[in-house]
Amino acid sequence: MDNMIVAMMLGASLFLGAVALIAFLWAIKTGQFDDEEKFLNAVKFDNVEDLNDAIAQEKKREELKKKNYKPE
Amino acid sequence: MIQDGEHYFCCNGCQGVFHLLSDSGLDGFYQKSAGVQLTPPTQQYEDSSNFNSPAFYDKFVTKNKDAFSEVSLIIEGIHCSACVWLNEKALHKMDGVVEASINFTNNKAHIIWVDDVVKLSEIIDMIRAIGYNAYPYDASLQELHANKVRKEYYLRMAVAIFASMNVMWIAVAQYAGYFTGITQEMKTILNIAEGVLATPVLFYSGWVFFRGAYYGMRNRVVNMDLLVATGALLTYVYSIYITVLEHGEAYFDSVSMIITFVLIGKFLEVLSKKNAADTLDVIGKHLPNEVNIVKEGQIVVCKLQDVTVGERVLVSSGEKVLLDGVILKGEGSFDESSLTGESEPIFKKIGDKVISGTTSIDADIEFEATKDFEHSTLSNLVMLLESAINKKPKIELLANRLSEHFSTTILVLAFMTFAVWWAWPHSFETALMVGISVIVIACPCALGLATPVATLVGLSLGAKRGILFKEAAQLETMAKADVLLLDKTGTLTEGKPTVSTENKFQEFEYTLLYSLVKQSKHPVAKGIAKYIEKSVETLSLYALDSFSQISARGMEANYNGVMLLGGNAKFMHERGVEIGQSSSNTNFYYAINGELVALYELHDAIKPGAQELVKILRDKAIDVVMLTGDNIASAQSIAKEVGIEKVYAELTPEEKLAYVESLHKDTKVVVMVGDGVNDILALAKADIGIVMGSGSDIAVEISDVVLLNDSLHSLLGAFQIARTTFTLIKQNFAISLVYNAITIPLAMAGLVIPLVAALSMSFSSLLVVGNSMRIRYKWNRS
């Protein structure tokens, strides 16, 4: 019984750790830490306006993608 | 000061930028950049339509899979995070710009746009309009590759460190159980958990070692990777076997620790490797790829590579000459310092030859190309440079030589141990276990960390003193230097003439002379201006009439009917000014209305510490040689003063290169110190090229070491740091070898228990790191 508890705790904590690790790996892969200065300064520009701008840019990108699509 | 509503501006440029920003709703920039001194925008830029030319697009613009265009730019003028914000926002607001991301750390921008909607020139105009400048660079494959490798290591290390830390916690439970008793079921549970954690470490993080071992085997080299890979893999397999059989001790913790430690060492090496990619970028940046040619009476833009012999090429003032030829029309002076190192402009007229790679200072000429681009002096120079960079001799590093012998010895010892234990009656299992413990205990952790940690300490010691080593391995190379080659101007001397004596024949107004010399950018004129600034307190500038500068002669001007002349002896002779005796020094004569009033003698001062440097290096058995493009007389006099015996003067860049090559033939390790474009070939070819921080861009790029404060004291410091670091590397190796000499016999005798193995592994690594830190403290105190 004790063994089972230890095994479960080990499993659960390793699983949680793995989730965090995978999130970290994903962040590295998508280049979120590429520019350490910008990454540290990002918090300064974290306001509603900038978030809206980011969404607008995303939309514009999608639109341009559609418009720019040229079937070969 | 310009007032505009409630705002005040220093200039029109700033005002313009302000209005542009507030019109597009980006005035939040000023809030974000609060407290940062902004530089006023500069206005003179070359025509941006060049950026739309097909030649330019060919070279720098790529199409991505969504048919968007992409370019990499370097943005000049970024000094705070608000600048990054502003540039990104301003570009995002443009129609057709899909993405603009700017890296604050290296000022490189990556821009994606739709070429049908907006042209690159408009994007660059926008960046310029808000007060920055942008120029493209070729994000070459090498740089992309280097970044990819670095990222790959981050990923592998993240996994390795995460898993090892967790394995260690579980191992604590194992060790506690080892001494106080533990049930076999519990042990198996812990073993399984460790095994689960060790698996990704071995096969994902440790993949680099398997790869390295494979390539090593193919080249028939036993390297450290092979030792790490076999050690870790055997231990892993054995531990699985133990876990399944449910008796004995598993070594999963050793598996993940070996991989993690050695991977960190390897990563430190990768991190301190020089990025060769940027070098070639800069050469490209200095080479425009289009010229104006005259065809049937019309001026057409032509790709540099397409110009054939006999075509007429136009060069206007300030432009670079890109082809060799003979002048047909026009005259003026040229800066040939990139080829000869001579800073004096050279005057050329019709019928004279122009050489590619030189720059026109004030000449608008038309010349006939006598060679096509491929055979021109300039492309020869670039080719020589590229081959010098690529064929730089590599000194085999101590670590590489040592690790091969070490790895072979350990593998042989482990196998022998296994064979002996098995032959003298023990079970296969016990024999295997002892054999593996030899490999585990001989874990090359300490050996793998010995070089990277020591060089990292060396690099940071240098960085604090303004000495930038671009690659860690250079420290070791430099410690082995046999010959030091020194350039004269700008390296041993200040490179700026200063006034040594002033002879006044008549009283005169200093302000007038000051106004005259301030008009010129010639080094002699600058030296005199500086001298006057020092000796006279209140100065103002008069507006002079009809100022003209006669190259290699002097300058003349009028002020309220008074004729002012300033220049060298030749100039005075030509103007009929009586000057009497002339000496060998650089002299500046000043005459008012044809009468000599003052004579200034100038000389190029030697930098402080030159004598000391030469003496100390001589004591360390380093040969000091001076190489210069200057004439023999001035080279000799400087050499005598600092105590250099070997002097080679009047050398072309190619001759300097040849000299370095001849030293290499005698298997000498060569350190070359220089600052100018005329040194770059030799700098690139030398084992270590050291450049003064104020040197030309290309020289700084291709060098291996940069002395930021231009001082000879830091040059000496660089030698001392290199030698200290190399001693440190040797000490670290000694520590890890002595450690192995003690522990390996114990392991072979079968006396090592898992706890001791794991602890001693960490202990030896700590010893090596600690030893490296010791030097750091010693240096920091002194």
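1. Is B:Thr667 buried or exposed? B:Thr667 is exposed, because 8 other C-beta atoms lie within 10 Å. (A residue counts as buried if 20 or more other C-beta atoms lie within 10 Å of its own, exposed if 12 or fewer, and partly exposed in between, with C-beta atoms placed from the backbone.)

2. The model is predicted: local features need pLDDT of at least 70, side-chain atom pairs count only at pLDDT 80 or more, and totals for chains, interfaces and linings use all residues. Residues are numbered from 1 along each chain as its sequence is written, while chains are lettered from A and ligands numbered from 1 in the order in which they are written.

3. B:Thr667 is not a glycine, yet its phi is positive, at about 50°. In chain B, B:Thr667 sits in the loop between α24 (653-665) and β27 (670-674). (Helices, H or I of at least four residues, and strands, E of at least two, are DSSP runs numbered from the N terminus.)

4. B:Ala621, also a residue other than glycine, has a positive phi near 65°. The loop between α22 (610-619) and β25 (623-627) of chain B holds B:Ala621. With 8 other C-beta atoms within 10 Å, B:Ala621 is exposed.

5. Chain B has an open sheet of 6 strands, paired antiparallel in the order β9-β8-β10-β16-β11-β14. At its edges stand β9 (298-303) and β14 (353-354) of chain B; each has a single partner strand, so one side of each has no neighbour in the sheet. (Two strands pair if DSSP finds at least two bridges between them.)

6. Within chain B, β11 (residues 325-329) and β16 (residues 365-369) pair in the antiparallel sense over 4 bridges. B:Ile327 is opposite B:Phe367 in β16(B).
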